[in-house]
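Here are my notes on the model you sent. Please read them with the structure open.

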Amino acid sequence: MNPEGSANTNTYIKWGTDPNLVYFSTTSVQYPVTNFSSQSFTWSLSGLQSNTTYYFQMVLYNGSNGAYQYGAILNFTTLVGHRQ
């Protein structure tokens, strides 16, 4: 995610089993460094069900202008018989 110099921004992940993420949970909020560089973030999820497809989307909120930026909705499937 690149905050493009915007101050007062935060980022988080929407996630859940709904492919359109109409119904979702969110991760904790993280705060990017105010600059013009791409930055990486890491979140951990727990309590996932086995053999289930989860969808997720990164969200950047710009508190300076109240705008949201949304990444692509991506997905992963947990393994059968394993709790992640």
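1. Y61 has Y68 in β4 as its bridge partner. The strands concerned are β3, residues 53–62, and β4, residues 67–70, which pair in the antiparallel sense over 4 bridges. Pairing here requires that DSSP finds at least two bridges between two strands. Strands are DSSP runs of E with at least two residues, and helices are runs of H or I with at least four, both numbered from the N terminus. β3 and β4 make a hairpin with 4 residues between them, and G66 in the turn has a positive phi of about 75°.

2. On provenance: this is a predicted model, in which local features need pLDDT of at least 70 and side-chain atom pairs count only at pLDDT 80 or more, while totals for chains, interfaces and linings use all residues. Residues are numbered from 1 along each chain as its sequence is written, and side-chain values use heavy atoms, with hydrogens and water left out.

3. The predictor's confidence in each residue is given as pLDDT, from 0 to 100. Its mean over the protein chain is 87, with 89% of residues at 70 or more. Confidence is lowest in β4, at a mean of 91, and highest in β5 (residues 74–77), at 97.

4. The protein chain has 5 strands and 0 helices, in the order β-β-β-β-β along the sequence. Of its 84 residues, 32% count as buried; buried means under 20% relative accessible area, exposed over 50%, and partly exposed in between, with a 1.4 Å probe and protein chains only. The accessible surface is about 5400 Å², and carbon and sulfur atoms account for 49% of that. These areas come from the Shrake-Rupley method with a 1.4 Å probe; for residues, only the protein chains shown count as cover.

5. Beyond its neighbours within four places in sequence, N10 contacts V29, Q30, Y31, P32, V59, L60 and Y61. Contact means heavy atoms within 4.5 Å. For the protein chain, 60% of the contacts between residues at least 6 apart in sequence join residues at least 24 apart.

6. S44 sits in the loop between β2 (25–26) and β3. S44 counts as exposed because its relative accessibility is 72%. From S44 to S28 the C-alpha to C-alpha distance is 9.5 Å, with 16 residues separating the two in sequence.
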